[in-house]
Amino acid sequence: MKRFAPAVLALALSLPGAALAAGDAAHPEQRSWSWDGLFGTYDREQLRRGLEIFTLQCVNCHGLKYIRFRNLTEIGLGADEAQAIAGQYEVAGDPDEWGDPTVKPAELHHPFPDPYRNEAEARALNNGGLPPDLSLMAKARADGSNYIAALLSDPGYNEGDPDESGLYRNPYFPGGWTAMAPPLWDDMLGDGATVEQEAEDIAAFLTWAAEPRMEDRKSLGLKVVLFLLALTGLLYVCKRKIWAKVDH
Amino acid sequence: MEGFLNNGLVRWFDSRLPVFSYVNEHLVVYPAPRNLNYAWNFGSLAGLALMIQIATGIVLAMHYTPHVDTAFDSVEHIMRDVNYGWYFRYMHANGASFFFIVVYLHVFRGLYYGSYKAPREVLWWIGLAILLAMMGTAFMGYVLPWGQMSFWAATVITKLFGAIPWVGESVVNWLWGGEGIDNPTLNRFYALHFLLPFAIVGLVVLHLWALHHKKSNNPLGIDYKGPQDFIPFHPYYTIKDAFGAGVFLIVFSIFLFYAPNYMGHPDNYIPADPLKTPPHIVPEWYFLPFYAILRAVPGKLDGVIVMGLSIGILFLLPWLDTSRVRSATFRPVFRWFYWILVLDIVVLGFCGANPPEGAWIDIGRAATAYYFVHFLILLPLIGWFERPLPLPDSIAKPVLSGGPAPAAAIARDKARGERR
């Protein structure tokens, strides 16, 4: 029996890793992130830099539909600042007195609007490619945070020219060719950051966008696991005490 | 409990509906073998996992929308906007994996200690029925978030029924509720995913009924000789199960809070797209060995039949295993083949996880063949030719004469002729 449990547990735990070990694209370099580890949290300043890059560049082609403008207060923006960002986007308003559609500035409860009216428009304007919504990108790709940073910062991609069909070579993109032109350049925010740093900032922002409750999760997890350790320790002592009365 | 049962009010109620004496009979004074080891904890842990799934599932059902246009959005709504929604959803998703982990360990414990043998064949059958019901429930639950893997797993699995001769296509359309996987499919999967767990509860009641009728097997695998072989369930196994539940919840919590997506697939965070097939469609880890068996057999219908038989033959296990000795502790040859079978199933899991290319095809076929050779050929032969070690006289005897050392070890020493 002593050998029974570890061997079968190893069976149970070894399978999911195998399930994920698929894919033909290059494996991204492993970076260290502020949210790594049991106590890691998001770096708010990094998230705000990522937001700036996002609203300057990514938002022109990509949606972020699961982030509402009010969520931006969670990364340190004031309500007025979040409102100011929201005001730069238009959303559908109530029909006017003639029943015609209207638009109005977005408010805090609105999500980032999709940049295109529909998929046909998106493909027409992007050389046939469909820019995906980025809300979940950090979770929808294996090793997502490292993947985004590696994809955007690859030197060959950033310096390369498109082929005849307008596609760019990127070793991290599935299939190796992407319709997205290199979106970052050095010092795009005027703060002297390199493409490498900007790629990490946007990866951090998108990681937050995909998993905004991660800090709550880890902090609750710490309390739960510490409580369970104490409880289980007590249960073990009780078990020993009770079983001391019988031969077994 | 005795004092409680003698209370006048309790006696009045109990004489009209004997719930209190029922609890007393089955959870307090219930006679359990005194030598159960920690491998016997997985049954109660499976019950705990089932309760976690039902409790978290009902909360999720209050916020989820079973519609192809909004199912994915509603899951993200749960993850972001519902208070502690992430907690319930991650608990439910990881809870499914942990339910399978403890149930598989429970099954492997039964295989090692011969718990399927007479007089517990019906108990074993009900357990297999629970496993099948769990598989159906887990499969349909995985479809509900309506991600890419949800959609394409549903496609692969439902199309298997198309292999049925003559009526296959009609059956598939009937399952889908139309010409393709669409809203009617999602709606019925949601309805069945809500219903089936309660069917599992019913099966669990039958499982416990059969268990308490014939009583537990034990690590020595020998029959009871008298009351000295038993101890009351409470407090001995209530505290032992509680301690096991604590260990289980710690491991579960580490995944739930610190690696909640480890056992999931990233593609399921991409909304379902019927026009775009993912490069590798893989099921959840707990289906991988069966998926490997399905793909190992050329020909769709044959693959489906062989996959069905991989569980089907387990119903015949009480007769395929011809040895009368239950516990592998006293079966030196069987013990080796038991661990080779475990290894074989692990290998099948890896075959299921990898694309069916190159060496994986041959490895998958060899492992599938060995799986059936083990149950259909080796197991009957071992039972005939193996010379089991001598069995102890009773559960209590090696225990009471052996002092504080574990019963199984003493029994093994005794069996090897090292009598004092």
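The entries below set out what I looked up, in order.

**Entry 1: the model.** I noted at the outset that this is a predicted model.

**Entry 2: cavities.** I began from a general point: rolling a probe the size of a water molecule over the atoms shows where empty space is left. I then asked how many cavities of 30 Å³ or more there are. The count came to eight. I recorded a volume of about 910 Å³ for the largest cavity.

**Entry 3: the lining of the largest cavity.** I found 41 residues lining the largest cavity. Closest to its centre are B:His92, B:Ala93, B:Gly141, B:Tyr142 and B:His193. H6(B) gives the most, with nine residues. By type, I listed 27 nonpolar, twelve polar and two charged residues in the lining.

**Entry 4: H4(B) against H11(B).** I turned to the packing of H4(B) with helix H11 (residues 233-258) of chain B. Their axes lie 10 Å apart, at an angle of about 55°. The two helices are therefore oblique to each other, and their crossing is right-handed.

**Entry 5: the contact.** I asked which residues meet where H4(B) and H11(B) pack. From H4(B) I listed B:Ser44, B:Leu45, B:Leu48, B:Ala49 and B:Ile52. These meet B:Asp241, B:Gly244, B:Ala245, B:Phe248, B:Leu249 and B:Phe252 in H11(B). I sorted the residues of this contact into eight nonpolar, two polar and one charged.

Note on methods: Residues numbered from 1 in each chain as written. Chains lettered and ligands numbered in written order. Predicted model: local features only at pLDDT ≥ 70, side-chain atom pairs only at ≥ 80, totals over all residues. Heavy atoms only, no water. 1 Å grid on protein atoms, 1.4 Å probe; cavity = no way out; pocket = protein on both sides within 12 Å on 5 of 7 lines; lining within 4 Å. Points joined across faces, edges and corners; volume = space filled by probe spheres on them. Helix = DSSP H or I, 4+ residues; strand = E, 2+ residues; numbered from the N terminus. Nonpolar A, V, L, I, M, F, W, Y, C, P; charged D, E, K, R; others polar. Axes fitted to C-alpha atoms, helices over the stretch in contact; angles between N-to-C directions. Parallel < 35°, antiparallel > 145°, perpendicular 65-115°, else oblique. Left-handed = near helix turned anticlockwise from the far one by under 90°. Contact = heavy atoms within 4.5 Å.
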